[in-house]
Amino acid sequence: MISTIWTEKYRPNTFSEVKGKNPGIFRSGEHSEELYRNLWDTIAAGKTWFGEFHNKNKNGDLFWEKTIIGPIFDEKGKIINYVCIKENITEQKILKQRLNQSQKLEILGQLAGGIAHDFNNILTIINGYSTLLLDTLDKTTLCGKISNR
């Protein structure tokens, strides 16, 4: 069962559109059936399942949810229902992705700077040896005449 509070948070789905429907209507198709089997095996065994879903609303917009699902027991210890607590973590995921991209660009910049520095060191050595070579040339040879220009 889907609650009113949940549908208000994840509009544009209204409560009447999703009332009594299985939450599977929000599946994005990005998760394996193994994930869902693991979820059901866990909660059917009386344990709590923790995870994240990348779901979609009726407009096809994707959103991320951190989810906790656990069983509700009667006085005899029999599972009679399940409770699900969800938190929209879409913004957190976007910010984390941007941070990772920024860190990659920073590393790439450091690498490029290091390569440029090493290349400059090699050019300095080549320039130094070229100057020494030109200084030792006989000024009367063809190479010497060209270097004096």
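Colleague: Which residue in the hairpin of β1 and β2 takes a positive phi?

Modeller: In this predicted model, that residue is glycine 60, with a phi near 90°. The hairpin has five residues between its strands.

Colleague: And what about the hairpin of β2 and β3?

Modeller: There, glycine 77 has a positive phi near 90°, and five residues lie between β2 and β3.

Colleague: How many bridges join β1 to β2, and do they run parallel or antiparallel?

Modeller: Strands β1 and β2 are antiparallel and are joined by eight bridges. For β2 and β3, the pairing is also antiparallel, over nine bridges.

Colleague: Which residue in β2 is the bridge partner of glutamate 52?

Modeller: Lysine 66 is its partner in β2. On the β3 side, lysine 66 has glutamate 87 as its bridge partner.

Colleague: Changing topic: which residues form the nonpolar patch on the surface?

Modeller: The patch consists of Phe50, Ile68, Ile72, Ile80, Val83 and Ile85. Together they present about 550 Å² of accessible area.

Colleague: Which strand supplies the largest share of that patch?

Modeller: Strand β3 does, with three residues. Both β2 (62–73) and β3 (79–88) contribute at least two residues each.

Colleague: Where does phenylalanine 50 lie?

Modeller: Phenylalanine 50 belongs to strand β1, which spans residues 49–56.

Colleague: Is phenylalanine 50 counted as buried or exposed, and why?

Modeller: Phenylalanine 50 counts as exposed because its relative accessibility is 58%, and the cut-off for that class is over 50%.

Technical notes. Residues are numbered from 1 along each chain as its sequence is written. This is a predicted model: local features need pLDDT of at least 70, side-chain atom pairs count only at pLDDT 80 or more; totals for chains, interfaces and linings use all residues. Side-chain values use heavy atoms; hydrogens and water are left out. Patches are made of residues with over 30% relative accessible area and no salt bridge: like charges are joined within 9 Å, nonpolar side chains (Val, Leu, Ile, Met, Phe, Trp, Tyr) within 5 Å. Accessible areas come from the Shrake-Rupley method with a 1.4 Å probe; for residues, only the protein chains shown count as cover. A salt bridge is a side-chain nitrogen of Lys or Arg within 4 Å of a carboxyl oxygen of Asp or Glu. Helices (H or I, at least four residues) and strands (E, at least two) are DSSP runs, numbered from the N terminus. Buried means under 20% relative accessible area, exposed over 50%, partly exposed in between (1.4 Å probe, protein chains only). Two strands pair if DSSP finds at least two bridges between them.
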